[in-house]
Amino acid sequence: MSLNPRIDPIERRPAPGILDLRPAVPADLATLRRWDRDPDVRSSLIDSDWHWESELLRQPSWREWLIAEVDGRPIGFIQIIDPEHEETKYWGCMKAGHRAIDIWIGEPEARSHGYGAQMMEKAIGRCFADPSVHTILIDPLASNTRSHRFYERLGFEFVVERTFGEDCCRVYKLTRAGKAAVN
Ligand SMILES: CC(C)(COP(=O)(O)OP(=O)(O)OC[C@H]1O[C@@H](n2cnc3c(N)ncnc32)[C@H](O)[C@@H]1OP(=O)(O)O)[C@@H](O)C(=O)NCCC(=O)NCCS
């Protein structure tokens, strides 16, 4: 896939295309399955089977599945959940006011162009648009050290190392006040 970056006339370097988030739909099945096979996506995921075929047909109130598109081309996926109401209780017993985000860019050539940061900014905006949300959580694998730098640059603070199933993860948080301080 070529992203055909435009040249920024002032900076004289490739400028990112226009990035949008839209709801994932059943027609995204083949794309999501292809991204599942990408080595960097595979090695970053705790749960390797997202049951796309059946889950793309559901829209539970505690979850948003979003596809990131650059100039209309799908490049990545974002999940936003309310961990208080998520069905498997992945995060344990949670109080109200949290959101948790998972993100990946499935197209390797779309990584490291700033799209991930744009995706997170949009997802963070969606989370905090609800005035009852005070904290966003993420849980990258402890081994995914490049992603830790990515989240820290966005203002996420390390909270604790925690094991989910057999996977050692680093939990990070971004509070509403923390986000305001970054802006
Ligand atoms: C992590 C990810 C969403 C970041 O999006 P991006 O568009 O590549 O990131 P940006 O261009 O905004 O920022 C670049 C930073 O992203 C991170 N990054 C880039 N490629 C990465 C990769 N293959 N794996 C993990 N992190 C990566 C690094 O921190 C990088 O900064 P660095 O070059 O100083 O190391 C994206 O690289 C990705 O999907 N990686 C593979 C899957 C993954 O690790 N998902 C996160 C699970 S917690």
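Here are a few friendly notes on the ligand site and the aromatic pairs of this predicted model.

1. Next, look at who the neighbours are. There are 20 residues around the ligand, and those that come nearest are Ile 105, Ser 112, Gly 114, Arg 146 and Arg 153. Sorted by class, the shell has eight nonpolar, seven polar and five charged residues.

2. A side-chain N or O atom of Arg 149 lies 2.8 Å from an oxygen atom of the ligand. Asn 144 places a polar side-chain atom 2.9 Å from a ligand oxygen atom. With Ile 103 the backbone takes part: one of its N or O atoms is 3.2 Å from a nitrogen atom of the ligand. As for cover, the ligand on its own has 820 Å² of accessible area, and the protein covers 85% of that.

3. Finally, turn to the aromatic rings. The structure holds 16 aromatic pairs. How are the rings of Trp 52 and Trp 104 arranged? Their centres are 6.2 Å apart and their planes meet at 65°, so this pair counts as edge-to-face. The pair also links distant parts of the chain, since Trp 52 sits in helix H3 (residues 52-55) and Trp 104 in strand S6, 52 residues apart.

Definitions and conventions
Residues are numbered from 1 along each chain as its sequence is written. This is a predicted model: local features need pLDDT of at least 70, side-chain atom pairs count only at pLDDT 80 or more; totals for chains, interfaces and linings use all residues. Side-chain values use heavy atoms; hydrogens and water are left out. A residue is near a molecule or strand if one of its heavy atoms lies within 4 Å of it. A polar contact is a pair of N or O atoms within 3.5 Å; within protein, one must be able to donate a hydrogen and the other to accept it, and residues adjacent in sequence count only if both atoms are side-chain atoms. Accessible areas come from the Shrake-Rupley method with a 1.4 Å probe; for residues, only the protein chains shown count as cover. Ala, Val, Leu, Ile, Met, Phe, Trp, Tyr, Cys and Pro count as nonpolar, Asp, Glu, Lys and Arg as charged, and the others, Gly among them, as polar. Rings of Phe, Tyr and Trp (its six-membered ring) pair if their centres lie within 6.5 Å; planes under 30 degrees apart count as stacked, over 60 as edge-to-face and the rest as tilted. Helices (H or I, at least four residues) and strands (E, at least two) are DSSP runs, numbered from the N terminus.
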